[in-house]
Amino acid sequence: MKYICLLIAVTIISCSELIAQEKINIKRNSFQSDQPIIRANRPFHFNVIVENPEKLKYECRLILPGDGSRMGKERITMLSDSSKQHSWEVVCLQAGQKDFVVEVLVNEKVFSRSTVNQVVMPARKVEKQAYIPAPRPAKTNILVGAHNCPLWETGRHELWNQVVHKHQERTPALGIYSQDNPEIADWETKWAVEHGISFFIYCWYRTSQNGPITTQFEKSVFDEALFRSKYGDQMKFTIMWENQSKGTSGITDEKDLMENLVPYWIEKFFKKDNYLKIDNKPVLYVYRPLFISDDLGSDEKAKAALNMMREACKKAGFDGLIIMGEERGFNPEALTRFKAMGLDYTFQYCWHVPNSPSPEVAIESQMDQIRKMHTMHDVIPQVVTLSQAWSGWSDEGSMWKLPPKDFEVLLRKGKAFIENNFSKDELGSRMIILDNWNEWSEGHYLAPYREYGFGYLDAIRRVFAKDPEKHEDLIPEDIGKGPYDMPMELFEKKEKK
């Protein structure tokens with residue numbers, strides 16, 4: 001391949017002396033690399049689509065970081081009468097966080113400009129292997145858990161639309177994948193344990209009450225992937241009962257709980273060797289604890305039912321059941337009711353941080369809420385949660401994100417709080433929860449992805465691992481595998497509607 005300098009400018013269509021900026025644009029979300037994660041010294045392509053309904057004369061220019069990165073000749077593909085794709089083969093020579101820029105110029109004036117900030121990982125040769133290398137777990141002094149979002153199954157491709165059509169920077173290292181694949185589970189296990197994450201908390205969805213258990217997403221993430229994976233037994237897992245949809249995801253009455261739901265959990269999950277147990281007690285997370293009281297009629301009846309659940313677990317060979325209730329804000333009334341219901345601990349799925357704050361404010365907001373929760377310690381103790389970001393499912397409300405260096409600051413503050421405020425005999429001193437492993441559409445995620453690569457996972461390893469020194473981060477391409485993309489035609493059809 002012949003390389004030329006830092007920028008290329010080509011593409012002549014037809015003439016027009018008077019133009020308006022809105023008549024020629026870079027298609028939203030079209031400027032991106034063809035690999036989820038880039039490695040130094042490994043060729044890849046940058047592509048961009050230019051929409052030009054007026055058929056104006058323009059130039060398209062790619063600007064690379066001024067670090068010796070090189071590009072090949074531009075290739076142009078006509079996509080329609082009014083749009084073209086421009087593509088350049090690129091080689092980056094240095095690792096790091098890089099800015100890539102594409103510009104559309106008319107009469108030497110820039111009318112459209114787009115910037116992509118993306119990590120370039122250190123150089124590594126591709127060495128094809130028959131399967132994913134076995135994980136090398138990083139040892140920690142504390143159980144580090146992460147919420148895991150099990151929505152990414154075959155047939156539900158529309159759940160990826162936020163990433164595919166709007167936030168290409170969130171593209172996972174696995175590509176736009178279907179989770180019903182043991183290989184996906186093994187990559188996740190490998191990446192998690194090698195960076196000090198001890199267990200996943202999978203959201204679990206019931207779809208009908210008062211009868212045999214029916215679920216959604218369970219088959220794809222558990223039966224077809226995790227339970228069939230090669231390395232699934234190398235980390236723990238637990239479930240969070242997503243009981244927020246009243247009438248379908250909760251319980252009809254005590255009989256429904258004790259004859260349908262609890263036996264199902266015991267046989268399907270709790271008896272698994274790799275289900276998370278503390279002192280031989282399975283750990284169950286509950287998303288909407290007060291809804292149990294609503295379903296059964298009172299806090300007192302809820303307490304009696306939770307105690308029956310513990311007794312059922314004892315009959316199954318365990319020493320009880322640890323039940324944790326989600327509360328993502330300082331609400332003394334709710335926390336007092338948690339105590340009345342007999343919950344053991346409170347936790348957060350995520351922290352609500354208002355007003356789209358800066359990273360510094362987002363960090364302090366979380367720590368302030370954690371400190372407030374601790375004032376209720378004698379009512380119900382907490383297991384600390386630390387959140388990386390939030391956007392909402394459709395970029396609604398408060399939107400914020402901690403880059404990896406800021407997330408590491410939060411992790412260190414959270415770790416110090418645990419060490420200084422919890423006694424050794426309580427769960428809060430032995431466990432911390434991170435939000436979230438893979439909530440790609442809702443805007444919070446720790447798994448390796450296009451923008452920051454392994455930045456979040458490496459921060460976790462530096463803070464919690466006993467030996468955080470040099471280790472190797474593998475991506476599928478390194479061993480001749482992946483990405484595991486669903487067919488892009490699914491998303492192209494969706495976009496045209």
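Which residues does Ser-365 touch, not counting residues up to four places away in sequence? In this predicted model, the residues touched by Ser-365 are His-352, Val-353 and Pro-354. Ser-365 itself belongs to helix α8, which covers residues 359-374. Buried means under 20% relative accessible area, and Ser-365, with a relative accessibility of 18%, therefore counts as buried.

Helix α2 is mostly covered, with twelve of its twelve residues buried.

Helix α4 comprises residues 254-270 and helix α6 comprises residues 299-315; their axes come within 10 Å and cross at roughly 40°. The two helices are therefore oblique to each other. The crossing in which α4 passes α6 is right-handed. On the side of α4, the contact is made by Glu-254, Leu-257, Met-258, Val-262, Trp-265, Ile-266 and Phe-270, and these meet Ala-305, Met-308, Met-309, Ala-312 and Cys-313 of α6. Sorted by class, this contact contains eleven nonpolar residues, no polar residues and one charged residue. An α-helix has 3.6 residues a turn, so residues three or four places apart point the same way.

Helix α6 also packs with helix α7, which consists of residues 332-341; the angle is about 50° and the axes are 7 Å apart. These helices, α6 and α7, are therefore likewise oblique to each other. In this contact, Asp-299, Ala-302, Lys-303 and Leu-306 of α6 meet Arg-337, Ala-340 and Met-341 of α7. The residues involved divide into four nonpolar, no polar and three charged.

Two loop positions complete the account. Asp-395 is located in the loop between β21 (389-390) and β22 (400-401). Its relative accessibility is 18%, and Asp-395 therefore counts as buried. Leaving aside neighbours within four places in sequence, Asp-395 is in contact with Gln-162, Lys-166, His-167 and Arg-170. Asp-395 and Gly-443 are 48 residues apart along the chain, and their C-alpha atoms are separated by 8.3 Å.

Is Leu-93 buried or partly exposed? At 34% relative accessibility, Leu-93 counts as partly exposed, because that class takes in values between the 20% limit for buried residues and the 50% limit for exposed ones. Residues up to four places away in sequence aside, Leu-93 touches Ala-40, Asn-41, Gly-68, Ser-69 and Arg-70. Leu-93 and Leu-457 are separated by 364 residues in sequence, and the distance from C-alpha to C-alpha is 24 Å.

Notes
Residues numbered from 1 in each chain as written. Predicted model: local features only at pLDDT ≥ 70, side-chain atom pairs only at ≥ 80, totals over all residues. Heavy atoms only, no water. Axes fitted to C-alpha atoms, helices over the stretch in contact; angles between N-to-C directions. Helix = DSSP H or I, 4+ residues; strand = E, 2+ residues; numbered from the N terminus. Parallel < 35°, antiparallel > 145°, perpendicular 65-115°, else oblique. Left-handed = near helix turned anticlockwise from the far one by under 90°. Contact = heavy atoms within 4.5 Å. Nonpolar A, V, L, I, M, F, W, Y, C, P; charged D, E, K, R; others polar. Buried < 20%, exposed > 50% of the residue type's maximum accessible area, 1.4 Å probe, protein only.
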